[in-house]
There are 2 protein chains.
Amino acid sequence: MRNNQFAIRPTDFETQVKELKEIKFLNKTNEDEISTSKLLKSFLKLSYPEIKSDQAFAHRLHSLQATESSDAFDYLDNNEKVSVLAFYNISLQLLQFNPDVDFNFADPLSAMEKIQLKIADHKSDYFDHDEIISAWYWLLATHTKNGQAFIDRLATQGYFVPFYKDTTKQLLFNGKTLPVFDPHKLIREVVYVESSQDTDHDGKLDLLKAEIIRPAQTENGLKVPVLYTATPYLQGTNDETGLEMTHNVNVPLRHKEPNDTKYEDIEYQTPDEDLPQKRQINGHATEAEEGFIKDLCYSLNDYFLARGFAVVYASGIGTSDSDGMRTTGGPEETTSTTAIIEWLAGNRVAFTNRVDNIEIKAWWSNKSIGMTGRSYLGTLATAAATTGVDGLKTIVTEAAISSWYDYYRDGGLVIAAGGFPGEDADVLAEETFSRRLNPGDFYRVKEDWDQKLMEINHDEDRDTGDYNKFWDARNYHKNFKNVKADVLMVHGLNDWNVKPRNVERLWNGIKNNNIVQKAILHQGQHIYINNFRSIDYTDMINLWLTHELLDVDNQAEKIIPDVVIQDNVKPETWNTFDNWSDPENERKIFNLAPDKLTDKPSDTTVSFKDSLPDDQYWDYSKDNDQWQVDLLKDDGPLNDNRLVFKTDKLEDDLTLDGIPKLDLTVSSNQDLGMLSFQLVDYGKAKRLNVSPSVLTPNGIDETFDWRKDDLREFELGKVTDSKMITKGHINLQNRQNPYKTDELTPDKFIDLSVELQPNFYHLLEGHQLGLIIYATDFGMTVRGNQALKYSFKLNNAKLSIPLHKLN
Amino acid sequence: MRNNQFAIRPTDFETQVKELKEIKFLNKTNEDEISTSKLLKSFLKLSYPEIKSDQAFAHRLHSLQATESSDAFDYLDNNEKVSVLAFYNISLQLLQFNPDVDFNFADPLSAMEKIQLKIADHKSDYFDHDEIISAWYWLLATHTKNGQAFIDRLATQGYFVPFYKDTTKQLLFNGKTLPVFDPHKLIREVVYVESSQDTDHDGKLDLLKAEIIRPAQTENGLKVPVLYTATPYLQGTNDETGLEMTHNVNVPLRHKEPNDTKYEDIEYQTPDEDLPQKRQINGHATEAEEGFIKDLCYSLNDYFLARGFAVVYASGIGTSDSDGMRTTGGPEETTSTTAIIEWLAGNRVAFTNRVDNIEIKAWWSNKSIGMTGRSYLGTLATAAATTGVDGLKTIVTEAAISSWYDYYRDGGLVIAAGGFPGEDADVLAEETFSRRLNPGDFYRVKEDWDQKLMEINHDEDRDTGDYNKFWDARNYHKNFKNVKADVLMVHGLNDWNVKPRNVERLWNGIKNNNIVQKAILHQGQHIYINNFRSIDYTDMINLWLTHELLDVDNQAEKIIPDVVIQDNVKPETWNTFDNWSDPENERKIFNLAPDKLTDKPSDTTVSFKDSLPDDQYWDYSKDNDQWQVDLLKDDGPLNDNRLVFKTDKLEDDLTLDGIPKLDLTVSSNQDLGMLSFQLVDYGKAKRLNVSPSVLTPNGIDETFDWRKDDLREFELGKVTDSKMITKGHINLQNRQNPYKTDELTPDKFIDLSVELQPNFYHLLEGHQLGLIIYATDFGMTVRGNQALKYSFKLNNAKLSIPLHKLN
């Protein structure tokens, strides 16, 4: 167990006292107490909010051990002074650490150092009066064994319930908001925001449903910041009809006619369109006509609901109870996303229902809006930020797409999101078109929707896999320059659904925007990380949003490291850096020789064939995981279908940091071809599972009597021989760029440069770095099982690995 | 999707109207309405508790389709009468069924029949006035696509929130209680019950902590029934120290000295002990001094908290904040379990704290107590019932142990619970001894506890595996005659943790007690089934407990089938029977011949060896699942280590129902030996996974703004060649019974009769029934890898299969 807390704010003693008074740990009964043991006893008493009598409290103290031979009751009764040792013995028990497992009573401090728990300053073996106050302050900010700050643990025990009735505004401790808002008094309401587009062409501006949850205190005048999650999924999805539309990927790769396409030819331009008139406002209301129930979307949002934030969900055009058509990330969806922000910031109209045109304002909003959410949700946050819309102060994007071409395509190929072969923009549009779930509404737009789907299907162009106007419209990089909201981005280094290129381009794409940007990169796949034990992610976001949306000077910009990256070797280890994937990073160049990555060029020509026996082909088509396992096997069933190049055993550790690049001279035996690449860490080791384990189901409470979440952590799996680090793909006809098609002459060698997906990976001494070159990627490319053969002249073949700069 | 509802109570029209008035669906605004369409509209309006305005409601109606061409708003506006077809089109949408997937608007009734949804009586194609009221009544009782009655779905949408303020007692609908109690006004308190024993021998009667959660209405005089869950786990467990104590199972089987032990020699007798005096009562209180928070134990209990039941948790002797020592199911634990019931029934004293001796009564209890819980929890319920304790009206036991010998032992062998090799009574005692988690308390009893563990370790006697006084003390069969509570038992037919013998012996052991007994047998392992889509388990328990604890004549005894068994072939299919494992069941006898189960005896002698090459032995020791896979493989790596006997392909289906028996003539090449057996279904088929899939995380709400549970279901897995049906084990030296040791002479044949674990299994025509005889069971027995060889004279070898009586 190793604790990593990045959100503890340095705090001077005076402020500590002030905050302890605000949260009532220092109060009239103890503020003049001079005995440190009596002071500690008073703190402990408050730490059992469920205890009402002295006898019951005495029993609690008798249950805690203070030293090797004395329980806490006897110790505090018999001593005026509290030793540092006794304080931390008691504290470790309060923090749920176990003397059988985690520490021993003779020496708690060494365990605390190992676990990385903050030990308060002390001038001697005994805390003096001020020191013990300070020690208690820091204890409240310290995480328990189960991944929550002790103050939050007390909150889940009901500590702040007596505060509810007097709450008039957010209450802070150590720079972060506290759960002093009754989560069962939340107000839930629905409004319909009028957007400035008519995407279903019904002659009326699209109305967009927004679901609002706000603290009851807003009724008394409190203006609250807003966490807005744009989620096309929340109103329901069409899994069955989406699945039916999924494309067959067992189709051949096709030759493409060469062309001279230039970027100008495929650049997306905003069309000029005549818009319907705005609705005439018929009156004003301050109360909504509709509530709603389904609001369980993201436990991080729930956490903030008890802390004085409003949460707003909107699903956008083409979803249940809204107008319009889905576009899978098109500019219309960006406009639909920002419409809600404009309303929240006071710059757009919303109505109480879809008919009466009675306006309702977001009168309870403080006009500081932050966006949260993962995947498509984070993508829409990114999209919104690239408009520079007023009111949007920050986005916290998790596993977000920054260009849809980097989600569904790569290098002139159709490349699936890992786990979803055959999905494409049209399939996702259908899946999220939840107007279908209101059959009465759907009946009226069915034909238009079928038409729209055909249009998306045509424009996404699965035939070529090329970058075109459709994808250019869905490339947010083009507008990175407009981003003025601060950005905190989170991504999994093993996320092969939304591939790491998406976060890397965002990271490096807004470097000159003069905003604050932070990145947290974890070792997981496509997941949320707000419920992990080893990192105080929730606290970090609390510190961040308290700063961004409540305008509190809590040093969040300084305290939160610019880059936090979870170690891929050591469990529960999160390292901090100033930057990642710096284009200036030094590079190590390897030459390719038969079976080897080496420092000597080789004159050999090597080749492999792509096709497989029918049985094997069908097995892999049905079981992509087995294919990946076999691809990495030495002398496995895919031996003839790939080339493997390995370094000698590394003499020193090597840390890859950024975009690996590859130069090749290659030919295909036909006038078409594609290549896939994997970088591999070879070496027997226990490695972190990419899916986290549930340590305790429902182990985290967002506060007292409120939503729960599973406590999770990445754990080491069984010993494995190898692990894929990163991968890449390219169509041999797109060697210049993804929109221009080059000729490919059978058996004629061409030069090719490829960028693999960026990563950050620590390769251990004694391991080998490997490169696998292959063609059909059963999980991502089309699977034509064609009689293709690829040959490589190795004399100029090079792998370039960006190296992490030592700090 | 197939719906199975067993808890719908037949209800006459008059009662329907009365109940609809009580739940306010019939009210002053609509009770005189004669237009069926207006009546339906009024019902629909009430079905959207979140909607406050007519316009917003109109939008909802426009979103529903009533016929192929008309939405619900237009239909109801334009028609006086409501067609059966339109009613059910609308209803299916309300029930969350999807017209793209589950039904079509032209013919909703055929889909309803297929899904098994109740269709109300109608004399024509249009509902008349009374018929539509009745149809609405039945709709409220019908399950949605997501496994909840529509009335419960409405509850989760907030329908009953306005009822909270007027709730004075339980409100019923269709014989079941409704969630009209505010779950955020629950009162949580702790008391300390004084038991009549001193298991830690400290000279004071053991005090036992009980945690109570009761509706606020009890404060106004409402007496409520109590769901009591006795759970040694809830106060925390010692996983690490328990793991350390786990026994090594890679040890040889040993020869046992023959003896003449008779049952009288090992019969457990309650010892005469002098008890400390009862505490002197120093006063009385009606309010507790201590609350508590951690109460998330079983979502079924949470469900009842909103429905006017109290829930009580107690962990018993040797757990955190209680006195005493753990005994792993011993009589002391039964006494500790019933002490709480005695207090709840007014027959025992409890105190507000551990020191002051201020008595507090369960003044809010209606003295009708039911027990719930799975595994150890259900075991303690069974134990409590065998005392005949007053106040205990019913137990709902899930996966409960009925004799600890049947949990940790079998036939003179140490036999692990599946998945836990090396666990034993001492390990479980340590794991549940949560006094350790209060280090201050633990420090004072550490030596006594070490002593107690040594005693359990000695008495459980892993050396012989024999039934002895220790196990006799933990055999609840002996007291089955005392059971006077009604029993509803639930067990997985694939539960190899608590093996099916435990439930079968309970089922057949209380047949003459003149009580009501019910059994639900599912196709899962060691799980709860209160959150499945295909069966209305929660409704059944609601009907059951409403009858048992609220004394409501709701026909629960008649409506709930005596035996419900999930089909092992067809998904989402639950069959009902009058009985199972009837000892009178007809039997089919198979002779054993080489490789065959046949009707012709064979004179052959066959044999197998038990030992394996070292590598293989260690691999299987580490990976028991792989061992099981290989054991079932034809021509697999265990070919020489087992005998396989198979029937020809079955010409007719065969349903095994009860205890398979086996007669063998066997010899061992040494003076020791054990045999294991598996019955196997051979035949390629997709079979139900034994672990349920999560259909929707947090998909079930227990009511509005309250606890959630995952919606789950057993799904078909990939095609497999075979599946184990049941298994059995015996020590060749215990051929008479598990307490008497017989001699075993090397190479001398002995006759042996074995009972395998009972089951209920439907074998399909075309499949083969197989019997595997082997020795070392890597998941359950010791693993000595000894040079043992077993031989069998087949002339008298017989397998006897109990057959299910056709109804």
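**Note on the interface of chain B and chain A, and on the annotated parts of chain A**

1. Across the interface of chain B and chain A of this predicted model, the rule finds 8 salt bridges. One pair whose side chains meet in a salt bridge is Arg436(B) with Asp100(A), where the N to O distance is 3.0 Å. Polar contacts have also been counted across the interface of chain B and chain A, and they come to 25 residue pairs, with both residues at pLDDT 80 or more.

2. As to which elements of chain B carry this surface, those that give two or more residues to the side touching chain A are helix H3 (54-63), helix H9 (239-245) and helix H16 (439-460). Of the side of chain B that touches chain A, H3(B) supplies the largest share, namely 6 residues. By residue class, that side of chain B divides into 21 charged, 18 polar and 17 nonpolar residues.

3. On the extent of the interface, 56 residues of chain B are in contact with 56 residues of chain A. The two chains bury about 4,200 Å² between them, and 50% of this area is on carbon and sulfur atoms.

4. On the relation of the copies, chain B is superposed on chain A by a rotation of 180° with 0.1 Å of shift along its axis, at an RMSD of 0.1 Å. The two copies are therefore related as by a two-fold rotation axis. Of the interface residues of chain B, 98% are also interface residues in chain A, so the copies meet through the same surface.

5. The entry lists residues 1-159 of chain A as "X-Prolyl dipeptidyl aminopeptidase PepX N-terminal"; in the model, residues 1-159 of chain A are 48% helix and 3% strand, with the end C-alpha atoms 27 Å apart.

6. Under "active site", the unreviewed UniProt entry lists Ser375(A), Asp495(A) and His526(A). Although these residues are spread over 152 residues of sequence, they cluster in space, the largest C-alpha distance being 10.5 Å. Within chain A, Ser375(A) lies in the loop between strand E12 (365-371) and helix H13 (376-385).

How values were computed: Residues are numbered from 1 along each chain as its sequence is written. Chains are lettered from A and ligands numbered from 1 in the order in which they are written. This is a predicted model: local features need pLDDT of at least 70, side-chain atom pairs count only at pLDDT 80 or more; totals for chains, interfaces and linings use all residues. Side-chain values use heavy atoms; hydrogens and water are left out. Contact means heavy atoms within 4.5 Å. Buried area is the accessible area (1.4 Å probe) that two parts lose on being put together, summed over both. A salt bridge is a side-chain nitrogen of Lys or Arg within 4 Å of a carboxyl oxygen of Asp or Glu. A polar contact is a pair of N or O atoms within 3.5 Å; within protein, one must be able to donate a hydrogen and the other to accept it, and residues adjacent in sequence count only if both atoms are side-chain atoms. Helices (H or I, at least four residues) and strands (E, at least two) are DSSP runs, numbered from the N terminus. Ala, Val, Leu, Ile, Met, Phe, Trp, Tyr, Cys and Pro count as nonpolar, Asp, Glu, Lys and Arg as charged, and the others, Gly among them, as polar. Copies are superposed by least squares on the C-alpha atoms of residues with pLDDT of at least 70 in both. UniProt positions are given in the numbering used here, feature names are shortened, and annotations may be inferred rather than shown by experiment.
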